[in-house]
Amino acid sequence: MKAIFYLIIATIFLGLNFHLAKVILKEVNFIEAGFWRFLLGVVTLTVLGIKKLPTLKIIRKNLKGISLTGLIGLFGFNLFFFLGLFHTSAVNAALIVSLNPALTLLFSYKILTTSIDKIQVIGIFIAFFGVTYLILKGNITNLRNIQFNYGDILILIANVFFALHHVWVKKYASTISNLNFTFLTSLCCLIGFLILLPINGMENLITHTLNFWMAVFGIGCLGTALAYFLWQKGVQLAGADKAGIYMNVVPLSAALFAILFKENLYTYHLIGGVCIVVGLLISKSSASKSSKPLS
């Protein structure tokens with residue numbers, strides 16, 4: 001049950017990030033947005049783990065896993081995610097992100113040689129239908145009106161990186177504490193954005209609104225530090241293939257948080273949410289039969 005709790009809480013905060021990122025991107029470029037996100041994230045993780053910060057010996061021993069997960073899986077995802085949001089709608093982005101469980105399952109099969117259960121695939125399909133129904137606002141005919149563009153390709157690339165991130169967490173995070181692994185991979189991501197920051201520069205800090213700083217605090221502390229810490233802990237316990245299905249909670253979370261951003265909640269939210277939950281339960285049931293229960 002611990003893994004399920006960690007994964008659901010993490011995806012709730014990741015769903016909130018869609019709204020917070022849009023607020024931030026109104027005032028800064030995509031590189032600065034990533035910089036602020038991980039600056040706050042790293043600071044938060046430093047405060048949380050101040051007494052157990054990793055030593056150079058631990059870093060050298062786990063350098064390969066930290067580099068792959070942090071620079072490619074995490075930095076690659078965030079770079080293309082923020083850039084993609086500049087060129088596409090939240091609807092298209094959420095639809096593409098909902099493919100993450102299937103991608104994670106595929107990469108887990110190829111890299112970790114995990115098995116793929118037919119019932120698990122059915123659960124993913126049902127959950128994906130729920131996500132699609134939710135994004136299309138209950139009208140499947142809206143699918144014909146979705147036009148994919150350059151931004152959608154960027155979000156798809158981001159999605160591939162994030163699926164690899166899940167797999168590498170399972171593969172490399174077992175020999176280091178989760179807090180240290182989350183801190184070091186987030187630090188890699190921060191360094192990546194610091195290197196790119198001179199390309200577009202930074203806006204004058206005094207020009208930013210209160211909404212901007214509140215969004216930075218939320219996406220840094222909750223949507224980055226806490227979300228990645230809980231997600232990577234859940235992946236370690238459950239496995240990348242089983243944890244990936246919980247990414248379907250992200251669009252549902254984004255829809256529920258829309259209420260706080262003065263958007264209405266409709267019947268299609270309920271129907272889509274039920275399909276997502278049913279898909280999760282089917283996949284979890286399949287995983288429980290093929291291995292020990294999540295703990």
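Mentor: Happy to! Let's start with cysteine 188, which is buried, at a relative accessible area of 14%. Here, buried means under 20% relative accessible area, exposed means over 50%, and partly exposed is in between, using a 1.4 Å probe and protein chains only. The areas themselves come from the Shrake-Rupley method with a 1.4 Å probe, and for residues only the protein chains shown count as cover. Keep in mind that this is a predicted model, in which local features need pLDDT of at least 70 and side-chain atom pairs count only at pLDDT 80 or more, while totals for chains, interfaces and linings use all residues. Residues are numbered from 1 along each chain as its sequence is written, and side-chain values use heavy atoms, leaving out hydrogens and water.

A disulfide is a covalent bond between the sulfur atoms of two cysteines. The cut-off used here is a pair of cysteine sulfur atoms within 2.5 Å, and a search of the whole structure turns up zero disulfides. Cysteine 221 is buried too, at 13% relative accessibility.

Now let's step back to the chain. Its secondary structure comes to 13 helices and zero strands; both are DSSP runs numbered from the N terminus, with helices being H or I of at least four residues and strands E of at least two. Of the 295 residues, 55% are buried.

Helix H10 covers residues 210-238, and its 29 residues reach 39 Å from first C-alpha to last, close to the expected 42 Å. That expected span is 1.5 Å times one less than the number of residues. At alanine 227, H10 bends by about 35°, the bend being the angle between axes fitted to the seven residues ending there and the seven starting there. Just after H10, glycine 239 has a positive phi of about 100°.

Helix H1 (residues 2-25) bends by about 30° at phenylalanine 18. H1 is mostly covered, with 18 of its 24 residues buried. Isoleucine 4 belongs to H1 and is buried at 11%. In helix H4 (residues 63-87) you will find phenylalanine 81, which is buried at 5%.

Leu106, Tyr109, Ile116 and Val121 make a nonpolar surface patch of about 330 Å². Patches are made of residues with over 30% relative accessible area and no salt bridge, joining like charges within 9 Å and nonpolar side chains (Val, Leu, Ile, Met, Phe, Trp, Tyr) within 5 Å. A salt bridge is a side-chain nitrogen of Lys or Arg within 4 Å of a carboxyl oxygen of Asp or Glu. Valine 121, from this patch, lies in helix H7 (residues 118-135) and is partly exposed at 38%. In the loop between helix H6 (100-111) and H7 sits threonine 113, which is exposed at 65%. Threonine 113 has a phi near 55°, a positive value in a residue other than glycine.
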